[in-house]
Amino acid sequence: VGLAFAACSAPAPPAVEEEAAPAAAEGPEVSFTQEPNVLHIEIDGKPFANYHYGDTKTTRPFFANVKTPSGVQVTRNHPLDPEKDLTDHETMHLGIWMSFGDISGNDYWRLKAKTKHERFVEAPKGGPGKGSFTVRNYYWNVEDTDRIAEEVATYTIEVVDDGYVLLWDTTFSPYGETEEIVFGDQEEFGLGIRTQTKIAEQFGGQITDSEGRKGADEIWSKSADWIDYAGELEGQWIGMTIMPDPENFRPSWYHARDYGLIVANAFGREAMQAGDKSEVPVKKGETLRLRYGVLIHSADAPEDIDLNAAYQKFLERIGGE
C-alpha cells in the first residue's frame, strides 16, 4: 500500500495517528478467596480484610480484621479478644460497615431486624492494583417475614500512594410491593468504622477532621469533608479516613466516640443537633445512592500522611467514573 501511494500523483492523505493502547494496570495484586459466608481479600498475597456476609450473630454484612499496607491491623478484632479489646457493642461495631437505626420503623443497626445477603451480582474480580465485587442485600422487617428494601452495593479496593482505598457505592430502593421506605433520624445511621482498641482516643489515639478539629467532643455532630481516626501501634502511625462523596444527597455529620468509633451520618439531622427532625423517603421506582471512600493508611509518623491531598485524589477518582 505504501508503494502504491508513493507512485500516485495525488497528495498523500494525512497520517492517522493510531490510538495508543491503554496502559497496563500496575500495582500489587488484589485477590479474593471465597468460603461459605466469608470473602477473604488479599493484597500482594497478604491478608487485607474479610468480608462477612452470613454471620449468625451480626446479621448484616461487614468488613473485619482490616490491615494497613504495613500489615498492622487497624480495626477491632473479630472475634473479640477480651484481653486486647474493649468488649462494648460486641456484635454491632465490627470493622467497617453501613447500617441504619430506622428504616420504616425497622432497626438494623442494633440487629433487631436483619440485613440479608442474597447473592454476588458481580463475582469478585482481582487484578493489579485493584479488585471489586458487587452484592445484593435485602432489608427484612422486624418480624422477619417480608423484605422491604433492596440494596445493591459495589465495593472496590484500590492500592494508592497513600495506602489502600475502599470505595463504597451503594443504592437503596423499595422491594417488591413496598410503596415507600423512609430513612429516619438517629445517631446510629450510616457508614461506621471501629478501630483497633489500642488506637482509640482514650488510649492515646487521635480523631481529626478536614476543618482542623480534634477529639470526639469537638467533632461530634460536626460536618466536614473527611474524618480520620488514627494512632501509633507497632511502631507505625495507622488509621482510617472516611470520605463521603460530596454528591451524596446531603453532607454527613459525624458521630464520634473516644472508644474507637466514628460514623458518617447524613440522615440524623435532629439527632446530630443540626436542625429539624429528618425523614428521607424513597418511593417505589426511585433509588437513593450513597458513595464513600475509606482510606486505610500507615506511615512512620503522622506528618507523613497528607489527608487533604488524599481527599483530593479521592474526588478525582470518583469524578472520573
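## Exercise 1: the second largest cavity

Sort the lining of the second largest cavity by class: how many residues are nonpolar, polar and charged?

*Solution.* The lining has four nonpolar, no polar and three charged residues. Ala, Val, Leu, Ile, Met, Phe, Trp, Tyr, Cys and Pro count as nonpolar, Asp, Glu, Lys and Arg as charged, and the others, Gly among them, as polar.

The model is predicted: local features need pLDDT of at least 70, side-chain atom pairs need pLDDT 80 or more, and totals for chains, interfaces and linings use all residues. Residues are numbered from 1 along each chain as its sequence is written, and side-chain values use heavy atoms, without hydrogens and water.

Step 1: name the lining. Val-160, Asp-162, Val-165, Leu-295, Ala-310, Lys-313 and Arg-317 surround this cavity. A cavity is a set of points on a 1 Å grid over the protein atoms alone where a 1.4 Å probe fits but cannot get out; a pocket is an open set with protein on both sides within 12 Å along at least five of seven lines; lining residues have an atom within 4 Å of a point.

Step 2: find the main contributor. Helix α3 (residues 307–319) gives the most, three residues. Helices (H or I, at least four residues) and strands (E, at least two) are DSSP runs, numbered from the N terminus.

Step 3: A volume is the space filled by probe spheres set on the points, which are joined across faces, edges and corners.

## Exercise 2: the largest cavity

*Solution.* Step 1: count the cavities. There are two of 30 Å³ or more. The largest has a volume of about 80 Å³.

Step 4: sort by class. Six residues are nonpolar, two polar and two charged.

## Exercise 3: the largest pocket

Describe the largest pocket: which residues lie nearest its centre?

*Solution.* Step 1: take the volume. The largest pocket contains about 220 Å³ of space.

Step 1: go to the centre. Of 14 lining residues, Gly-129, Lys-130, Glu-158, Val-159 and Arg-317 lie nearest. Arg-317 also lines the second largest cavity.

Step 2: trace the elements. β7 (127–128), β9 and α3 each supply at least two lining residues. The largest share comes from β9, with three.

Step 3: sort by class. The pocket lining has seven charged, four nonpolar and three polar residues.

## Exercise 4: aromatic rings

Work out the geometry of the pair Phe-63 and Tyr-155: what is the angle between the planes?

*Solution.* Step 1: search the whole structure. The search returns 27 aromatic pairs. Rings of Phe, Tyr and Trp (its six-membered ring) pair if their centres lie within 6.5 Å; planes under 30 degrees apart are stacked, over 60 edge-to-face, the rest tilted.

Step 1: read the pair. Phe-63 and Tyr-155 are edge-to-face, with 85 degrees between the planes and 5.2 Å centre to centre. Phe-63 is in strand β4 (residues 62–64) and Tyr-155 in strand β9, 92 residues apart, so the pair links distant parts of the chain.

Step 2: check burial. Phe-63 has a relative accessible area of 2% and is buried. Tyr-155, at 3%, is buried too. The cut-offs are under 20% for buried, over 50% for exposed and in between for partly exposed (1.4 Å probe, protein chains only).

## Exercise 5: charged side chains

Locate the partner of Asp-169: which side chain does its side chain contact?

*Solution.* Asp-169 is in strand β10 (residues 163–174). Its relative accessibility is 19%, so Asp-169 counts as buried.

Step 1: name the partner. The side chain of Arg-289 makes a polar contact with that of Asp-169 at 2.6 Å.

How values were computed:
A polar contact is a pair of N or O atoms within 3.5 Å; within protein, one must be able to donate a hydrogen and the other to accept it, and residues adjacent in sequence count only if both atoms are side-chain atoms.
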